[in-house]
Amino acid sequence: MSQEQATEIPRDPTGGDILVRVMRRHGIDTAFGVISIHNLPLVEAVDRELNFVAVRHEAAAVNAADAYARASGKFGVALTSTGTGAGNAAGSMVEALTAGSRVLHITGQIDSEYLGSNRGVIHEVPRQLQMLQAVSGYARTIFNEKDAEADLEEAIAHLLTLPHTPASLEWPIDLQYLALPEDQRPADTPSPAAVSFDHDAVAEAVKLLSQAKRPLIWAGGGAAGAGTALAELLHRLGAGLLTSNSGRGVVPEDDDQVIGNFATTPEAAALIADADLLLSVGTHFRSNETKHYSMTLPRPHIQLDIDPAAIGRVYPADVGLEGDSRILLEEIVKKLPAHSVEAGWTERVRATRRSVRAALTEYIGGYAEICESLRRRLDRESVIARDVTIPSSQWGNRLLEIYSRETNIFPLGGGIGQGLAMGIGAACSRPGIPTAVIVGDGGLAVHLGELASLGGSGAWCVVLVFNDSGYGVLRNMQKANGFAEAGVDLYTPDFDLLAQSLRLPFWRVRGSGQFDQALAEALAVPGPAVIEIDVTALDPAPGAFVPPVHIPSRNH
């Protein structure tokens with residue numbers, strides 16, 4: 001008898017086999033998570049049949065699943081434990097909810113017979129479902145082992161419905177073990193929603209667009225999937241395209257009519273002031289992108305959004321169009337007659353595009369060569385995941401060109417420390433293309449253990465650590481507003497020694513002219529790599545970045 005035969009134990013089917021079947025049905029081959037006594041059957045099956053990526057923290061599991069969903073266009077799966085594990089995941093579920101990301105979060109639960117008993121079962125937490133309902137667009141408990149597959153399919157149907165939000169399922173551990181694939185009741189197949197829109201509102205929008213001589217378009221994340229129609233409308237109108245950070249790449253940013261995420265700059269402000277119409281598509285007009293709502297936008301304003309409550313919520317809308325952005329924009333393009341703008345308007349748009357980029361390139365000093373090298377060395381389809389840090393906020397979210405929205409991954413909710421896990425998830429969705437991650441030393445330290453997760457995953461991912469020994473964004477904010485420095489100077493590890501301990505290839509960049517070679521060598525490693533950039537050695541020194549946060553004053 002062989003050793004394999006001697007140690008082989010007959011395996012009974014579990015709910016994990018049902019999860020694998022459902023994932024395969026929807027073309028998903030990867031899940032992220034942390035193993036626990038309360039999700040062991042699920043993890044075991046995914047690890048055996050598909051690809052389970054082990055991370056060190058439940059928040060990272062959700063961040064990775066979130067980025068996997070954004071980069072792949074599918075949905076991401078995160079597996080966590082119950083109680084504290086589910087609580088750890090909650091903050092990252094808030095990010096997925098804010099971003100409208102299709103994350104299926106499956107958390108364990110204590111044995112079904114003890115639910116609500118408050119007897120202190122290990123990992124028990126009161127009102128876990130209510131917590132999940134607060135951070136998800138959909139949440140429910142699996143109460144019957146024969147309903148597991150149908151409940152999974154119902155959660156996935158929610159993920160596929162506009163507007164997108166994440167879904168959570170809590171699955172009691174006894175029902176994970178007892179659920180049999182052959183005993184599952186059939187899932188209800190939801191009927192596709194009928195496509196409808198207000199034809200009169202579309203006609204009014206077309207009329208206004210056909211009369212506009214100096215039009216602008218502002219696209220947010222709600223324009224995702226509508227890139228072809230949006231690009232055609234942009235060129236038919238001769239308009240300029242402003243974007244939120246989330247709307248970047250819906251139309252490739254090397255298009256010479258794409259101004260991009262520069263609406264708050266003086267150059268763009270002058271263009272906005274002279275425009276005679278604005279079409280906004282799926283944007284929230286967030287405070288940091290509108291100078292804390294102090295910007296004046298052109299009128300008439302045509303606002304398109306999937307959420308009827310968003311229309312007119314921040315800026316008045318003269319025409320509101322509720323519905324899927326792709327369908328509505330295609331309808332507008334189909335009905336728009338031949339059109340010509342004021343002589344010189346489109347060229348002024350192009351000149352504004354050039355001037356905002358030139359001004360920022362000059363202002364960021366030594367960062368400019370890094371930005372240029374990244375864009376030249378990376379594939380057009382490489383994901384660029386960015387944590388909340390000065391390089392991201394100052395130039396990564398604006399100057400570093402994005403060519404498809406799926407490659408533009410960042411924490412929309414503004415939470416620090418999520419970038420590395422997002423990079424891991426994105427890299428797992430595009431294994432043949434390198435992923436770059438921009439992090440600061442402070443943000444990386446929030447989930448430092450995920451460097452070990454990266455090493456274990458083998459993902460083709462280059463981590464760029466911009467080291468200024470602290471929270472540089474907040475340090476600049478304190479200095480600019482006359483506050484004392486507090487809580488911003490951090491005890492920072494030696495990243496070279498840290499990378500060595502994890503067997504990660506490492507490069508350190510100090511001064512100008514070194515980054516491009518380091519990046520070329522790191523990208524040549526088809527796996528994890530780390531480059532540390534000493535921010536204090538940048539030459540020329542970049543201008544300070546102060547976050548656009550409103551500080552109230554008693555004098556105003």
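These legends accompany a set of close-up views of one predicted model.

**View 1. The six-strand sheet with the order 2-1-3-4-6-5 is open, and its strands pair in parallel.**
Let us start with a general idea: strands of a sheet pair through backbone hydrogen bonds, in either a parallel or an antiparallel way. Which strands stand at the edges of this sheet? They are strand 2 (51-54) and strand 5 (138-141); each has a single partner strand, so one side of each is left without a neighbour in the sheet. On average, neighbouring strands here are turned by 20° against each other, direction ignored.

**View 2. Strand 3 and strand 4 run parallel and are joined by bridges.**
How many bridges join strand 3 to strand 4? There are five, linking residues 76-80 of strand 3 to residues 103-109 of strand 4. To find your way in this view, look for Thr 80, which stands opposite Thr 107 in strand 4. Helix 7 (residues 148-159) lies across strand 4, strand 5 and strand 6 (167-172). The direction of helix 7 runs at about 165° to strand 6.

**View 3. Another open sheet has six strands in the order 9-8-7-10-11-12, with parallel pairing.**
At its edges you will find strand 9 (258-260) and strand 12 (319-322), each pairing on one side only.

**View 4. Strand 7 and strand 8 run side by side as a parallel pair.**
Four bridges join residues 215-219 of strand 7 to residues 240-243 of strand 8. Which residue of strand 8 is the bridge partner of Leu 216? The partner is Gly 240.

**View 5. Trp 218 and Phe 285 form an edge-to-face aromatic pair.**
A pair of aromatic rings is described by the distance of the centres and the angle of the planes. For Trp 218 and Phe 285, the centres lie 5.2 Å apart and the planes make an angle of 70°. Why does this pair tie together parts that are 67 residues apart in sequence? Trp 218 lies in strand 7, whereas Phe 285 lies in the loop between strand 10 (277-281) and strand 11 (301-305), so the pair links those parts. A search of the whole structure finds six aromatic pairs.

**View 6. The largest pocket has a volume of about 1,100 Å³.**
Its lining is made of 42 residues, and those nearest the centre are Ala 99, Gly 100, Gly 221, Gly 222 and Arg 405. Several elements give two or more residues to the lining: helix 4 (58-72), helix 5 (84-99), strand 11, helix 12 (325-335) and strand 14 (408-409). Helix 5 provides the largest share, three residues. Sorted by class, the lining has 13 nonpolar, 17 polar and twelve charged residues.

**View 7. The second largest pocket has a volume of about 750 Å³.**
Here 44 residues form the lining, and Val 388, Ser 393, Asn 397, Gly 414 and Phe 545 are the closest to the centre. Helix 15 (390-396), helix 17 (441-446) and helix 19 (472-480) each supply at least two lining residues. How do the residues of this lining divide by class? They comprise 18 nonpolar, 19 polar and seven charged residues.

**View 8. The largest cavity holds about 60 Å³ of space.**
The structure has four cavities of 30 Å³ or more. Thirteen residues line the largest cavity, and Ile 370, Val 509, Gly 511, Ser 512 and Leu 538 are the closest to its centre. At least two residues of this lining come from helix 14 (367-377), and at least two from strand 18 (529-534). Six residues of the lining are nonpolar, three are polar and four are charged.

**View 9. The second largest cavity has a volume of about 40 Å³.**
Which residues line this cavity? Look for Thr 243, Asn 261, Phe 262, Ala 263, Thr 264, Glu 289 and Arg 398. By class, two of the lining residues are nonpolar, three are polar and two are charged.

Technical notes
Residues are numbered from 1 along each chain as its sequence is written. This is a predicted model: local features need pLDDT of at least 70, side-chain atom pairs count only at pLDDT 80 or more; totals for chains, interfaces and linings use all residues. Side-chain values use heavy atoms; hydrogens and water are left out. Two strands pair if DSSP finds at least two bridges between them. On a 1 Å grid over the protein atoms alone, a cavity is a set of points where a 1.4 Å probe fits but cannot get out, and a pocket is an open set with protein on both sides within 12 Å along at least five of seven lines; lining residues have an atom within 4 Å of a point. Grid points are joined across faces, edges and corners, and a volume is the space filled by probe spheres set on the points. Ala, Val, Leu, Ile, Met, Phe, Trp, Tyr, Cys and Pro count as nonpolar, Asp, Glu, Lys and Arg as charged, and the others, Gly among them, as polar. Rings of Phe, Tyr and Trp (its six-membered ring) pair if their centres lie within 6.5 Å; planes under 30 degrees apart count as stacked, over 60 as edge-to-face and the rest as tilted. Axes are lines fitted to C-alpha atoms, for helices over the stretch in contact, and angles run from 0 to 180 degrees between N-to-C directions. Contact means heavy atoms within 4.5 Å.
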